[in-house]
Amino acid sequence: MYYKYSDYLKNRYGTKVYKLPVNLPITCPNREHGTGCTFCADVGTGFEAQEAEMTVVNQLLTNKEHIAKRYHAEKYIAYFQNYTNTYMPLKQFKQYMSAAAKFPDVVELSISTRPDCIEESYLQYLKEISEAHQISITIELGLQTVNYHTLQKINRGHTLAEYLDAVLRIAKYGFCVCTHIILNLPQDTMEDVIETAKVLSVLPVQIVKLHSLYIAKNSEMAKEYMAGEITICSKEEYITRLRMFLEYVRPDMVIERLFSRIPEEDSVFSNWGTSWWKLRDEFEEEMQRNESYQGKQFRYINGSALKRGGYLHES
């Protein structure tokens with residue numbers, strides 16, 4: 001039906017692999033020089049993260065102990081999740097990445113950042129430690145949508161061009177690119193969902209992490225929502241958008257997530273008051289009803305008009 005992230009990790013590493021979140025004492029340029037994205041909470045996205053004052057090693061040790069007992073994991077990904085993890089001096093960046101790369105049983109570094117915070121010297125260092133420690137590198141880019149009007153509306157602080165530049169720069173180093181997308185941002189339509197799937201599919205992007213929009217307390221979007229200035233599509237509409245995204249996305253694209261997760265006490269809106277696993281079940285039923293599967297509509301590349309016109313059969 002779709003290529004799940006858990007299957008991808010099992011295929012790549014031969015066993016179950018779990019992410020160990022690392023929370024650094026950093027911010028992002030959009031917060032430092034402005035008000036930040038309208039959907040962003042005071043704590044960013046690290047609702048379950050350790051204190052940023054803890055060292056990288058201590059955070060990994062604490063999280064590894066919890067994960068290992070619960071899931072019997074043997075290999076791990078050091079996941080630099082919160083805020084913008086390349087928005088710091090290069091010397092400081094090297095210290096954090098080196099500590100994680102040396103940690104026992106870590107097979108990959110996953111670094112969450114923004115498209116406008118990708119620069120060659122940081123990528124070059126990641127290449128060096130990848131080769132020195134024989135670990136993989138994944139860079140997670142927050143895009144959210146290819147609709148640049150919506151990017152402006154949510155005060156994203158960058159446009160589509162910065163994302164394209166970041167992906168192409170990262171690809172030169174052979175790193176995996178994961179892109180974060182919100183499928184139901186206010187103002188976005190089904191056409192935006194489909195176009196986002198198509199743009200990601202023609203780029204060297206390997207993983208997509210899909211989010212259903214949640215509205216965190218104390219965010220600018222929460223004020224807009226409570227004032228009735230924005231509306232959110234229905235649960236049924238989101239599930240249809242999700243199905244269409246998967247139909248248009250490349251068949252080998254790894255799907256890391258389908259729905260967001262946030263503690264109920266931290267939000268004013270999240271997943272239509274439904275648990276994420278019930279939403280997943282409804283989504284999979286929708287896929288079966290429509291005989292849908294990932295890549296079903298992936299027919300728009302490599303001279304699609306020539307194929308439709310039958311000209312490729314002419315000599």
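Tutor: We start with a definition: a residue is buried under 20% relative accessible area, exposed over 50%, and partly exposed in between, using a 1.4 Å probe and protein chains only. The model is predicted, so local features need pLDDT of at least 70 and side-chain atom pairs count only at pLDDT 80 or more, while totals for chains, interfaces and linings use all residues. Residues are numbered from 1 along each chain as its sequence is written, and side-chain values use heavy atoms, with hydrogens and water left out.

Student: Why is Lys 235 called buried?

Tutor: Its relative accessible area is 18%, and the label requires a value under 20%. Lys 235 therefore counts as buried.

Student: What makes the contact of Lys 235 with Glu 282 a salt bridge?

Tutor: The term requires a side-chain nitrogen of Lys or Arg within 4 Å of a carboxyl oxygen of Asp or Glu. In this pair the closest N and O atoms are 3.2 Å apart, and the contact is a salt bridge. The pair links distant parts of the chain, with Lys 235 in helix H10 (residues 235-248) and Glu 282 in helix H11 (residues 276-289), 47 residues apart. Helices here are DSSP runs of H or I with at least four residues, strands are runs of E with at least two, and both are numbered from the N terminus. Glu 282 has 28% relative accessibility and is therefore partly exposed.

Student: How do you know that Glu 286 and Arg 289 are about one helical turn apart?

Tutor: Both belong to helix H11 and are three residues apart, which means a separation of about one turn. Glu 286, at 10%, is buried, whereas Arg 289, at 59%, is exposed.

Student: Why are Arg 169 and Asp 165 called partly exposed?

Tutor: Arg 169 has 30% relative accessibility and Asp 165 has 34%; each label follows because the class covers what lies between buried and exposed. The two residues form a salt bridge at 2.9 Å, N to O. Both are in helix H7 (residues 160-171), four residues apart.

Student: How many salt bridges does this rule give?

Tutor: The count is 18. A network of salt bridges links Lys 19, Glu 140, Lys 209 and Glu 256.

Student: What makes a space in the model a cavity?

Tutor: On a 1 Å grid over the protein atoms alone, a cavity is a set of points where a 1.4 Å probe fits but cannot get out; lining residues have an atom within 4 Å of a point. Points are joined across faces, edges and corners, and the volume is the space filled by probe spheres set on them. Two cavities of 30 Å³ or more are present. The largest holds about 40 Å³, and helix H5 (residues 120-133) gives the largest share of its lining, three residues.

Student: How is the lining of the largest cavity divided by class?

Tutor: It has eight nonpolar, one polar and one charged residues. Ala, Val, Leu, Ile, Met, Phe, Trp, Tyr, Cys and Pro count as nonpolar, Asp, Glu, Lys and Arg as charged, and the others, Gly among them, as polar. Its lining residues include Thr 86, Phe 93 and Glu 119.

Student: Which helix gives the most to the lining of the second largest cavity?

Tutor: Helix H8 does, with three residues. That cavity holds about 30 Å³, and its lining has four nonpolar, three polar and two charged residues.

Conventions:
On a 1 Å grid over the protein atoms alone, a cavity is a set of points where a 1.4 Å probe fits but cannot get out, and a pocket is an open set with protein on both sides within 12 Å along at least five of seven lines; lining residues have an atom within 4 Å of a point.
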